[in-house]
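The following note concerns charged side-chain pairs. Please read the numbered points alongside the model.

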Amino acid sequence: MELVPLKTSLGHVLHVVKYKGQSKKASFVISSATGVLQKYYHNFALHLQQEGYTVYTFDYYGIGDSGGNEKDLKENTVTLSDWSKIDQASVIEFAKKQTPDRKIYLVTHSIGGQLFGLNPNHHMVDKVLMVASQSGYWRYYKGIHYPKMWLFWHALIPSLTPLFGYFPSKKLGLFENIPKNVAYEWMRWGKHPCYMLGHLSNDAHFFDKIKIPIKILTFPRDIYAPVAAAKWLGLQFQNAQVTHQHIIPEIENLPEIGHFGFFRTKFKDSLWKGTIDWFESN
């Protein structure tokens, strides 16, 4: 493992960890869920490294070691779109420059898949696996999570963010604190049926220009990524080769997966193996 302080075009520094593989296989970039530290993906990255791949994980700016302390957060002005166009794009570009002859594979978790549609460096990526990536529009959520999502967009973010100068997710027991403008843009997206596409012009995203294979994984009882929300996201990549696999643990004889389970080591011989097989297939 090697720590790489990666300076972006906006001037901020991302905390990137490189897991150097021992073969000339493709390189992986792992793009985290909202407010989830890159160390959560350590075991998955280590497994890919042991399979010979070089892997890059990173914290978005304002998360963890990438300026995630409260003092820096109050001065942080990046948007959610910047997490895509600057942060995710910069790490992909860095990985490609390190080994120009290798393919670049992207694994996204939750919001990481949404951000890929705004990434100007999408053409550097050869395949994408989206784990529980979805729309955040509140009407896709069911049961008690329906009013919870409404409250999240319409009450929690607009009331707490100006009070703290950032969105205090940790105080709510949700995830890492996030920058104010990330929270505000995320809130605007979540209120619109077309999510980010309800606010962005056609030249501000690349959904229709992406033509690579994309596989979307969903799981029952995932309260953060309902199947309908994940399907909506898949449909936006209208020119890509999109497949959707809904993995039911009871049928596959697997433990419960949910929104976060995929990256736990207990799935090393099942979901992780299937992932590598898919990336290595033609």
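1. A salt bridge is taken here as a side-chain nitrogen of Lys or Arg within 4 Å of a carboxyl oxygen of Asp or Glu. By this criterion the structure holds 8 salt bridges. Side chains of opposite charge can pair when their charged atoms come close.

2. The model is predicted: local features need pLDDT of at least 70 and side-chain atom pairs count only at pLDDT 80 or more, whereas totals for chains, interfaces and linings use all residues. Residues are numbered from 1 along each chain as its sequence is written, and side-chain values use heavy atoms, with hydrogens and water left out.

3. Lys71 and Glu75 are joined by a salt bridge, at 3.9 Å from N to O. The two residues lie 4 apart in helix α2 (residues 70–75), so about one helical turn separates them. Helices (H or I, at least four residues) are DSSP runs, numbered from the N terminus.

4. Accessibility is classed as buried (under 20% relative accessible area), exposed (over 50%) or partly exposed (in between), with a 1.4 Å probe and protein chains only. On this scale Glu75 is exposed at 54%, and Lys71 is exposed at 58%.

5. A salt bridge also links Glu176 to Lys170, with 3.8 Å between the closest N and O atoms. Glu176 is buried, its relative accessible area being 19%.

6. Asp208 pairs with Lys209 in a salt bridge whose closest N and O atoms are 3.7 Å apart. Lys209 is partly exposed at 45%, and Asp208 is partly exposed at 31%.
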